[in-house]
Amino acid sequence: MPAPEARDADFALLKETVRDAGALAMRFYMTDHKQWSKAHDNTPVTEADIAVNDLLHARLGGARPDYGWLSEETEDDSSRLTQPRVWVVDPIDGTRAFAKGRPHFAISVALVEGGRPVLGVIFNPATDEFFEARFGGGAFLNGKPIRVADCTAIEGCRMVAFAPMFKHPSWPEPWPEMDIIDRNSVAYRIALVASGAADATLALNGKNDWDLAAADVILHEAGGRMTAHDGTVFLYNRATTRHPSLLAAGPVLYDKLFARVGAIKLPPRTS
């Protein structure tokens, strides 16, 4: 366990670096930047993703060469598994939105220790929303404390999710009416829940460490609960970075959503 002053220095480094990365991202936003699809999974990537990743890696990795590194845009290095502290990075979470000029993306960076995030920052530079948290220190948006909403009912709740999922015919009972919005960035969805701008988010498809880690500490420090849909607590910096699903909300609403989805058996993961 590092001394408090070392953790303070890590947090200051993280926040300054992510702000600079946001400024770099905005140099590409709404411009005719290069875009292509990744060979291994056909997901989109842009030159902004790579440039932001390079900046984060140079600054964070250069300042903390003994910390591990895990990023969506860097080839995985298994040496991270032996490191007590690891940066977990999504340089632009919500690449599709970014590429289309929609302000629903974010830079997401966490410091993970012992499998759990101890520091987290999510920055949407297009909307100037800077979410931050450290374990045991509360969660903040643009310097002001945030808490999850006190919503206690599924009906009428503000749900950030893929709306057609709730209309699938296999649900044993229909879902009540909700105010459903979608945001391409998973990290940003969870940050909206942490700030009370949304009440819950649910996804029954796979997510990765870099989608979740920073948002995890922010949401928990804002008083929320976040697990896989079946209640499994997320552990990060493991051999596999993949997680099956996501459920995040304030405590009462989490319990009510879990009662509906907790027993669902998802198909086996193929990756």
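In the predicted model, the count of aromatic pairs comes to 10. One of these is formed by Tyr29 and Phe98, whose rings lie 5.5 Å apart centre to centre with 40° between the planes, a tilted arrangement. Tyr29 is located in the loop between α1 (4-28) and β1 (35-37) and Phe98 in helix α3, so the contact ties together parts that are 69 residues apart in sequence. Both partners are shielded: Tyr29 counts as buried at 12% relative accessibility, and Phe98 is buried with a relative accessible area of 0%. Together with Phe105, Tyr29 and Phe98 form one aromatic cluster.

An edge-to-face geometry is found for Trp171 and Trp175, because their ring centres are 5.2 Å apart and their planes stand at 85°. Trp171 counts as buried at 13% relative accessibility, as does Trp175 at 9%.

Charged side chains also lie over aromatic rings. Lys15 is placed over the face of Phe11, at 4.3 Å from the ring centre, and Arg19 over the face of Phe123, at 5.6 Å from the ring centre.

The largest pocket has a volume of about 1,300 Å³. Its lining comprises 46 residues, with Gly206, Lys207, Asn208, Asp211 and Arg242 nearest the centre. Elements that give two or more residues to this lining include β3 (68-71), β4 (85-93), α3 (95-99), α4 (186-195) and α5 (209-221). The largest share, 3 residues, comes from β4. By residue class, the lining of the largest pocket divides into 15 nonpolar, 15 polar and 16 charged residues.

Key:
Residues numbered from 1 in each chain as written. Predicted model: local features only at pLDDT ≥ 70, side-chain atom pairs only at ≥ 80, totals over all residues. Heavy atoms only, no water. 1 Å grid on protein atoms, 1.4 Å probe; cavity = no way out; pocket = protein on both sides within 12 Å on 5 of 7 lines; lining within 4 Å. Points joined across faces, edges and corners; volume = space filled by probe spheres on them. Helix = DSSP H or I, 4+ residues; strand = E, 2+ residues; numbered from the N terminus. Nonpolar A, V, L, I, M, F, W, Y, C, P; charged D, E, K, R; others polar. Phe/Tyr/Trp six-rings, centres within 6.5 Å; stacked < 30°, edge-to-face > 60°. Buried < 20%, exposed > 50% of the residue type's maximum accessible area, 1.4 Å probe, protein only. Lys NZ or Arg CZ within 6 Å of the ring centre and 35° of its normal.
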